[in-house]
Amino acid sequence: MEALPYQSDQPVTRFARAEQVIDPAKFDYFAEIETTQGKIGIDLFETEAPNTVNSFVFLALNRYFEGIVFHRVIPGFVAQTGDPTGTGTGGPGYQFGLEVNPRLNFDKKGVLGMARTMDPNSNGSQFFITFGPTPNLNQQYTVFGQVVEGMGAVESIAPTEGPQRRPDRDQIVSVKIFARGK
């Protein structure tokens, strides 16, 4: 399977909206996130969370995530990234609404969720990967993927909180998107 071509040569970090770039009826989508700790393979849930997956794929194809740090890494909870400012307050310039599915929950490690503020319509570019079950997040945040390879790389990301906190922060090197026919 070949990666979809990037839409820009350099990272673009501001947009008015996400263009429609996926076709959930025809393709299954996967992401390969290369981090400073290794590669993470993710099965994206394009049917259950089409707006979220489309936004993620759109940003990835525009190299949005390249060089972005994991700004919130709490052992036993989540590793969060996707903010170009590295502060937890930045985004792509647009927001969209929460997509929840009663069949999808934060019931295991490696679940990919979309971060947001208290406003359910504030999804943007920040996302997190769970280190274990986090039932307190169920039906409150969009589940849009599952780690299928490289959970060891996720678990090696430098903590930003807690007793193992390290000053150096891991980052995303690149995100490649793959599609295969259904």
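Which residues form one aromatic cluster? Phe56, Tyr64, Phe65, Phe127 and Phe144 do. Some notes on that and the rest follow.

1. Ground rules. This is a predicted model, where local features need pLDDT of at least 70, side-chain atom pairs count only at pLDDT 80 or more, and totals for chains, interfaces and linings use all residues. Residues are numbered from 1 along each chain as its sequence is written, and side-chain values use heavy atoms, with hydrogens and water left out.

2. We have an open sheet of 8 strands in the order 3-4-6-5-7-2-1-8, paired antiparallel. Strand 3 (72-74) and strand 8 (172-181) are at the edges with a single partner strand each, so one side of each has no neighbour in the sheet. From one strand to the next, the twist averages 25°. Strands here are DSSP E runs of at least two residues and helices are H or I runs of at least four, numbered from the N terminus; two strands pair if DSSP finds at least two bridges between them.

3. Strand 3 is joined to strand 4 (residues 78-81) by 3 bridges, and the two run antiparallel. Across that pairing, isoleucine 74 stands opposite valine 78 in strand 4.

4. The helix on the sheet. Helix 1 (residues 50-61) lies across strand 1 (27-35), strand 2 (38-44), strand 5 (111-114), strand 6 (127-130), strand 7 (143-149) and strand 8, and runs at about 125° to strand 8. For the angles, axes are lines fitted to C-alpha atoms (for helices over the stretch in contact, meaning heavy atoms within 4.5 Å), taken from 0 to 180 degrees between N-to-C directions.

5. Aromatic pairs. A search of the whole structure turns up 10 of them. Phenylalanine 15 and phenylalanine 58 are edge-to-face, at 4.7 Å centre to centre and 65° between the planes. Phenylalanine 15 is in the segment before strand 1 and phenylalanine 58 in helix 1, so this pair ties together parts 43 residues apart in sequence. Phenylalanine 56 and phenylalanine 65 have ring centres 5.2 Å apart and planes at 35°, so that pair is tilted. The cut-offs: rings of Phe, Tyr and Trp (its six-membered ring) pair with centres within 6.5 Å; planes under 30 degrees apart are stacked, over 60 edge-to-face, the rest tilted.

6. Burial. Phenylalanine 15 counts as buried at 14% relative accessibility, as does phenylalanine 58 at 2%. Phenylalanine 56 is buried at 2%, and phenylalanine 65 is buried at 1%. Buried means under 20% relative accessible area, exposed over 50%, partly exposed in between (1.4 Å probe, protein chains only).
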